[in-house]
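Subject: A structure for you to look at

Hello,

I am passing a structure on to you, and my notes follow below it. Please have a look at it first and then read on.

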Amino acid sequence: MQLLYMVLFLVLIFWGITSFIHYRNQTIKVRLNKHYTNAVEWIEAVKQELEKQGKSVSYEGNFLFKIDEKPYEIAARNMSIWSMSLYHILLQRQKEHS
């Protein structure tokens, strides 16, 4: 019985690690040092930050980006807590329609 629990535990660990790796490959996290209240400004700041990282970026409108020829959508935006002016933006890869 302990062997069964051990096998299940290892399977869950393996599943968790592969899910995390897949998620990391499908998501880009951008950290900005300034809080932008205007959407046009923060979209431009995201583009500049990604270009600084060596990626080719174009804004397609409606919170959709094309990064290295792959479609990404803004998945989350948040400010850090404790009065720090850090701004995190998550870009999640979208399935390409054929």
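Lys52 forms a salt bridge with Glu49, with the closest N and O atoms 3.6 Å apart; a salt bridge here is a side-chain nitrogen of Lys or Arg within 4 Å of a carboxyl oxygen of Asp or Glu. Lys52 and Glu49 are 3 residues apart in helix 2, so about one helical turn separates them. Lys52 is exposed, at a relative accessible area of 67% (buried means under 20%, exposed over 50%, and partly exposed in between, with a 1.4 Å probe and protein chains only).

Before you go further, please note that this is a predicted model: local features need pLDDT of at least 70, side-chain atom pairs count only at pLDDT 80 or more, and totals for chains, interfaces and linings use all residues. Residues are numbered from 1 along each chain as its sequence is written, and side-chain values use heavy atoms, leaving out hydrogens and water.

The count of salt bridges comes to 2. Glu44 forms one with Lys47, where the closest N and O atoms are 3.9 Å apart. Both residues lie in helix 2, 3 residues apart, or about one turn of the helix. Glu44 is partly exposed, with a relative accessible area of 36%.

Helices (H or I, at least four residues) and strands (E, at least two) are DSSP runs, numbered from the N terminus. The 14 residues of helix 2 (residues 39-52) should span 20 Å at 1.5 Å a residue, and its end C-alpha atoms are 20 Å apart, which agrees; the expected span is 1.5 Å times one less than the number of residues. Just after helix 2, Gly54 takes a positive phi of about 90 degrees. The buried residues of helix 2 include Trp42, Ile43 and Leu50.

Which aromatic pair does Trp42 form with Phe63? The pair is stacked, at 6.0 Å centre to centre and 10 degrees between the planes (ring centres of Phe, Tyr and Trp, its six-membered ring, lie within 6.5 Å; planes under 30 degrees apart are stacked, over 60 edge-to-face, the rest tilted). Trp42 is buried, at 2% relative accessible area, while Phe63 is partly exposed, at 34%.

Finally, the whole chain: it has 2 helices and 5 strands, running α-β-α-β-β-β-β from the N terminus on. Of its 98 residues, 23% count as buried.

Best wishes
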